[in-house]
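Biologist: I would like to go through this model with you. Could we begin with its pockets?

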Amino acid sequence: MAVSDGVVKKIILSYTYVAIWIFLSFTVIVYNKYILDRKMYNWPYPISLTMIHMAFCSSLAYVLVRVLKLVEPVSMSRDLYLRSVVPIGALYSLSLWFSNSAYIYLSVSFIQMLKALMPVAVYSIGVLFKKEGFKNETMANMLSISFGVAIAAYGEAKFDTWGVSLQLMAVAFEATRLVLIQILLNSKGISLNPITSLYYIAPCCLVFLSVPWLIMEYPSLRDNSSFHLDFVIFGTNSFCAFALNLAVFLLVGKTSALTMNVAGVVKDWLLIAFSWSVIKDTVTPVNLIGYGLAFLGVAYYNHSKLQALKASEAQKKAQQADEEAGRLLEEREGESGNGRKSDNQS
């Protein structure tokens, strides 16, 4: 059967969005590593880099939302902002700070392997906050992912305890943020896309990060007379970070969140290959075996979530069909009742 031009165009567009997202996500990670690593650009100030990103992204988000009006803002009271957005912003700032800090101590490939623990953290925190039900099968899957990451860590040639601690804290804060978005925003009917998220959350991050920045990085930057802000490096780096959020907006909006998860797996393998072949990071066979086990666990988890989503949608459709059938039956009974009544009157 011939495939219509519309379907072909849709498939090409979907693959284009996926390719753009993979390219930008790949670029931001490698670019951040290049800036922060002491053996490369040698600018080991992760808080400063994160603050530059947040200032740039919040400014552009403001232009898109308020000036150009390309994205609709969300109706939000001051009380809701303080109770919901501010805690999420605090967690996001900690997640970005610690994840960027990890690039100073760990290889790109090993960081991607540690990020495989994200489903474990999200599920565990979801159970803790009673957003997820405890299931033995799911917990066994989480343990298999953790076991795979542990093997990968055991095989890491340049293992750094502090770097691993930073990345694990980043995963924990990011997972908590994702669960709190469900509790504090989604449960109240508020949904933020990547652009409105930056519009509301990036200024919060900037404020929260300014405190540790003044204590930990500002004195060093002030005393370093040789430092000057390279607008080409930091401008293009910040633009890539903002473009990545736009790509997420397009990818999820035009395809689905599941497509993004699958694309994320492809991106992780590409980063590991790039880290080994171009940056010359050491990737051992034990690394790959451990990450392979974790990858299988994550793939099974995504498959289970997809099946649950399909079952939920099928149940909703069946419920809607039952309600529609009930309404039609009531209408027919009403019509037949009216017919009998008119016959009696005659």
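Biologist: How much space lies in the second largest pocket?
Modeller: About 320 Å³ lies in the second largest pocket. A pocket here is found on a 1 Å grid over the protein atoms alone, as an open set of points where a 1.4 Å probe fits, with protein on both sides within 12 Å along at least five of seven lines. The volume is the space filled by probe spheres set on the points, which are joined across faces, edges and corners. Please note that this is a predicted model, in which local features need pLDDT of at least 70 and side-chain atom pairs count only at pLDDT 80 or more, while totals for chains, interfaces and linings use all residues. Residues are numbered from 1 along each chain as its sequence is written, and side-chain values use heavy atoms, with hydrogens and water left out.

Biologist: Which residues lie nearest the centre of that pocket?
Modeller: Lys-33, Asp-37, Lys-39, Lys-158 and Asp-281 lie nearest the centre, out of 16 lining residues; a lining residue has an atom within 4 Å of a point.

Biologist: And what is the lining by class?
Modeller: The second largest pocket is lined by eight charged, six nonpolar and two polar residues. Asp, Glu, Lys and Arg count as charged, Ala, Val, Leu, Ile, Met, Phe, Trp, Tyr, Cys and Pro as nonpolar, and the others, Gly among them, as polar.

Biologist: Turning to aromatics, how many pairs are there?
Modeller: The count is 15 aromatic pairs. Rings of Phe, Tyr and Trp (its six-membered ring) pair if their centres lie within 6.5 Å; planes under 30 degrees apart are stacked, over 60 edge-to-face, and the rest tilted.

Biologist: Why is the pair of Trp-43 and Tyr-45 edge-to-face?
Modeller: Their ring centres are 5.2 Å apart and the planes meet at 70°, so the pair is edge-to-face. Trp-43 is buried, at 5% relative accessible area, and Tyr-45 is also buried, at 11%. Buried means under 20% relative accessible area, exposed over 50%, and partly exposed in between, with a 1.4 Å probe and protein chains only.

Biologist: What about Trp-97 and Phe-98?
Modeller: That pair is stacked, because the centres lie 4.9 Å apart and the planes are at 20°. Trp-97 is buried at 14%, and Phe-98 is buried at 12%.

Biologist: Which residues form an aromatic cluster with Trp-43?
Modeller: Tyr-31, Tyr-34, Tyr-41, Tyr-45 and Phe-234 form one cluster with Trp-43.

Biologist: Next, cysteines. How many disulfides are there?
Modeller: The count is zero, where a disulfide is a pair of cysteine sulfur atoms within 2.5 Å.

Biologist: Lastly, where does Thr-284 lie?
Modeller: Thr-284 is in the loop between helix H10 (257-277) and helix H11 (285-345); helices (H or I, at least four residues) are DSSP runs numbered from the N terminus. Thr-284 is buried, at 16%.

Biologist: What lies 2.7 Å from a polar atom of its side chain?
Modeller: The backbone oxygen of Gly-155 does.

Definitions and conventions: Helices (H or I, at least four residues) and strands (E, at least two) are DSSP runs, numbered from the N terminus. A polar contact is a pair of N or O atoms within 3.5 Å; within protein, one must be able to donate a hydrogen and the other to accept it, and residues adjacent in sequence count only if both atoms are side-chain atoms.
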